[in-house]
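Subject: Structure handover

Hello,

Here is the structure you are taking over. Please open it beside this email and look up each residue as you read.

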Amino acid sequence: MSRYRDRKLSKTYTFVGSDVFADQNARQQSRNAFEAGSGIVSNWDVMEAVLDYIFLKLGIDGQDGSVGRPIVMTEPVANLGYSRKMMTEIVFECYSAPSLAYGIDSLFSYRYNGGRTGLVVSSSHSSTHLIPVVDSRAMLSHATRLNWGRSQSAEYLLKLLQLKYPNFPGKLTSFQADSIVREHCYVSNDYVQELGGYFAWTGLEERDHVIQFPYTEQVVIQKSEE
């Protein structure tokens with residue numbers, strides 16, 4: 001979330017989510033609701049602003065800012081009791097919701113897609129959870145957390161690019177590496193087979209992936225002798 005003050009218009013604008021990246025000034029003043037390197041909410045003022053933005057976008061604006069309908073809130077595996085307590089307090093006191101239910105997002109998705117028995121792999125920004133499900137019942141006592149998510153992938157990709165292109169014209173930032181992971185990377189269904197195909201010469205040009213580094217062309221004003 002970012003609050004940007006336009007001095008010319010004397011107005012304060014609030015940007016949430018992807019709208020923050022639309023303006024450079026707003027991006028520089030952005031604040032994250034989560035603790036760095038984890039999915040734990042640490043800035044509740046930002047979280048409350050995000051919830052305000054969500055309810056307004058959904059068109060839910062009851063009397064005195066109340067929601068007036070039940071809310072289902074997703075949470076990670078083994079969520080902290082303090083985080084749930086603070087979220088419950090905000091939902092009931094700020095939005096006057098009649099009821100609130102918590103659930104794990106990946107299990108909601110697995111149930112919605114008709115899964116009954118299998119292994120749920122839920123990869124988030126800072127971690128990956130493995131949850132076995134047997135006969136539509138999640139075995140949470142056997143769930144495993146891996147400290148690897150998109151943020152670690154972006155950091156690893158950034159190090160690889162810096163090692164391969166040490167004299168690159170322009171410094172690669174963590175934001176650019178995160179954008180590359182989000183827009184150009186994917187999870188392979190058969191890593192060994194796909195990696196073996198990259199060593200074949202046939203179709204190499206079709207598999208080549210070129211990404212243009214953003215740059216701003218400098219306009220040189222040429223002065224005449226006069």
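**A loop residue to start with**

D23 is found in the loop between β2 (11–15) and α1 (24–28). Helices (H or I, at least four residues) and strands (E, at least two) are DSSP runs, numbered from the N terminus. At 26% relative accessibility, D23 counts as partly exposed. The terms here are buried for under 20% relative accessible area, exposed for over 50%, and partly exposed in between (1.4 Å probe, protein chains only). D23 and E206 are 183 residues apart in sequence, and their C-alpha atoms are 35 Å apart in space.

This is a predicted model, in which local features need pLDDT of at least 70 and side-chain atom pairs count only at pLDDT 80 or more, while totals for chains, interfaces and linings use all residues. Residues are numbered from 1 along each chain as its sequence is written, and side-chain values use heavy atoms, with hydrogens and water left out.

**The nonpolar cores**

A nonpolar core is a set of buried Ala, Val, Leu, Ile, Met, Phe, Trp, Tyr and Cys residues joined through side-chain atoms within 4.5 Å. The largest one has 22 residues, and those with the most contacts inside it are W44, M47, L51, F55, I71, M87 and V91. Three elements each supply at least two residues of this core: α2 (44–57), β3 (71–75) and α3 (81–95). The largest share, seven residues, comes from α2.

Take I71 as one member to look at. Not counting residues up to four places away in sequence, I71 touches F55, V91, A97, S99, L100 and A101; contact means heavy atoms within 4.5 Å.

**Salt bridges**

How many salt bridges does the structure hold? There are five salt bridges, each being a side-chain nitrogen of Lys or Arg within 4 Å of a carboxyl oxygen of Asp or Glu.

One of them joins E89 to K85, where the closest N and O atoms are 3.9 Å apart. The two are separated by about one helical turn because they are four residues apart in helix α3. E89 counts as partly exposed, at 34% relative accessibility, and K85 counts as exposed, at 51%.

Another joins R150 to D178, with the closest N and O atoms 3.3 Å apart. This pair links distant parts of the chain, since R150 is in helix α5 and D178 is in helix α6 (residues 174–184), 28 residues apart. R150 is partly exposed, with a relative accessible area of 31%, whereas D178 is buried, with a relative accessible area of 14%.

D178 also forms a salt bridge with R182, and here the closest N and O atoms are 3.0 Å apart. R182 and D178 are four residues apart in helix α6, so they are separated by about one helical turn. R182 is partly exposed, with a relative accessible area of 37%.

Is S127 buried or exposed? S127 is buried, with a relative accessible area of 4%. Its place is in the loop between β5 (118–123) and β6 (128–134). Leaving out residues up to four places away in sequence, S127 touches S122, R145, L146, W148 and G149. The side chain of S127 makes a polar contact with the side chain of R145 (3.4 Å). A polar contact is a pair of N or O atoms within 3.5 Å; within protein, one must be able to donate a hydrogen and the other to accept it, and residues adjacent in sequence count only if both atoms are side-chain atoms. S127 and S38 are 89 residues apart in sequence and 7.6 Å apart in space, C-alpha to C-alpha.

H129 lies in strand β6 and counts as buried, at 9% relative accessibility. Aside from neighbours within four places in sequence, H129 is in contact with V77, V120, V121, S122, T144 and R145.

Regards
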